[in-house]
Amino acid sequence: MTLSDKDLINGFLKAEKQVVSEFTFTNLFMWRNHYQTAWRVLNDCLLIVLRSLDNENFYGFPPFGKGNRQQAAHDLMTELEKSGNQPRILRADREFVENCLDLERYAAEPDPDQADYVYLAEELAQLRGRRFHKKKNLVNKFYRSNEYEYLELNQDIVSQVLEMQEKWCDLRHCELDPGLLHEDQGIGDLLENYGKLDCKGGVIRIKGRVQAFSLGELLNPTTAVIHVEKANPEITGLYAAMNQLFVARSMSGVEFVNREQDLGRESLRKAKKSYNPHHMVEKFDIRPLD
């Protein structure tokens with residue numbers, strides 16, 4: 001997958017109202033090296049395959065397009081099995097399972113660790129009411145304690161964001177965590193190609209230095225998806241302020257914000273629940289019936 005594939009792949013993805021956070025070209029491009037992402041078009045359907053984290057088996061995403069998606073899913077499963085992989089389609093949403101899956105051949109099981117957290121944008125931007133009392137106090141403390149400025153990301157400050165990401169990785173010892181290391185490489189790809197992808201970014205600078213940034217885009221006409229959010233963990237309230245300011249100033253006009261999944265990590269789950277999600281987007285693993 002290369003940047004030159006963007007228009008063709010977007011033609012398939014944007015023809016439907018996507019609700020799953022992974023289903024944007026930006027996300028696919030960011031993780032293409034990590035997952036060795038490949039694609040092809042078959043009978044008016046886009047087929048995407050990725051290598052699983054065990055580095056042994058490929059799996060598919062649900063087919064996209066105006067063709068027969070049920071048949072395309074079967075063709076994809078057959079190709080995976082013929083090439084020595086376990087036939088699997090992952091990250092399918094409920095609409096695909098209910099309308100496109102042959103339930104006489106395949107079973108769909110929900111994967112709660114991959115479910116996306118979706119919030120009302122207005123609530124994230126305003127933090128009103130009792131449910132957000134602690135968050136409001138946290139961001140207000142940050143605003144009172146710091147001389148900061150919020151900026152839309154542009155080419156002039158991309159190098160500063162890359163520098164901040166490098167420092168974040170040093171603090172988190174990315175070299176010891178393969179997941180963080182691949183994420184770091186993906187963030188670098190997004191920033192180096194900023195302006196060529198559909199995503200937009202925002203940064204917080206304190207005393208002239210970038211200390212937090214976020215990258216996101218429209219997932220569908222009413223929903224933004226946040227792909228990346230990083231902040232200096234040594235500055236109290238900075239993550240919460242980045243969350244609020246990016247939605248309020250860079251993603252204004254959307255109804256919902258998808259902040260992706262918790263991956264089964266308790267710390268992530270706690271953090272995402274603390275913002276009172278409006279709803280979850282279920283994702284399903286699809287495998288052949290025994």
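**A close look at the rings, by way of a loop**

Mentor: Glutamine 36 sits in the loop that runs between helix 3 (32-35) and strand 1 (38-42). Its phi is positive, about 50°, although glutamine 36 is not a glycine. That deserves a second glance because most residues other than glycine have a negative phi. Glutamine 36 counts as partly exposed, at 41% relative accessibility. Leucine 263 also has a positive phi without being a glycine, in this case about 60°. You will find leucine 263 in the loop between strand 12 (256-258) and helix 11. With a relative accessible area of 43%, leucine 263 is partly exposed.

Please keep in mind that this is a predicted model. As background, the protein has eleven helices and 14 strands. Its C-alpha trace spans about 60 × 40 × 35 Å along the principal axes. For 290 residues, a compact globule would have a radius of gyration near 19 Å, and the 20 Å of this protein agrees with that. Of the 290 residues, 53% count as buried. Among contacts with a separation of 6 or more, 71% are between residues 24 or more positions apart.

Now to the rings you asked about. The structure holds eight aromatic pairs. One of them joins phenylalanine 23 and phenylalanine 64 in an edge-to-face arrangement, with 4.9 Å from centre to centre and 85° between the planes. Where do the two partners sit in the chain? Phenylalanine 23 belongs to the loop between helix 1 (6-13) and helix 2 (25-30), while phenylalanine 64 is in strand 4 (residues 64-65), so this pair ties together parts that are 41 residues apart in sequence. Are phenylalanine 23 and phenylalanine 64 buried or exposed? Both of them are buried.

Another pair is made by phenylalanine 142 and tyrosine 148: the ring centres are 5.5 Å apart and the planes meet at 45°, so this pair is tilted. Here the two partners can be looked at one by one. Phenylalanine 142 has a relative accessible area of 0%, so it is buried, the cut-off being under 20%. Tyrosine 148 has a relative accessible area of 27% and is partly exposed.

Returning to phenylalanine 23 and phenylalanine 64, the picture widens, as ring pairs link Phe23, Tyr59, Phe61 and Phe64 into a cluster.

One more loop is worth a visit. Serine 274 lies between helix 11 (266-273) and strand 13 (279-281), in the loop there. Serine 274 is partly exposed, with a relative accessible area of 27%. From C-alpha to C-alpha, serine 274 and arginine 131 are 8.7 Å apart in space, and they are 143 residues apart in sequence.

Conventions: Residues numbered from 1 in each chain as written. Predicted model: local features only at pLDDT ≥ 70, side-chain atom pairs only at ≥ 80, totals over all residues. Heavy atoms only, no water. Helix = DSSP H or I, 4+ residues; strand = E, 2+ residues; numbered from the N terminus. Rg over C-alpha atoms; globule rule 2.2 N^0.38 Å. Buried < 20%, exposed > 50% of the residue type's maximum accessible area, 1.4 Å probe, protein only. Contact = heavy atoms within 4.5 Å. Phe/Tyr/Trp six-rings, centres within 6.5 Å; stacked < 30°, edge-to-face > 60°.
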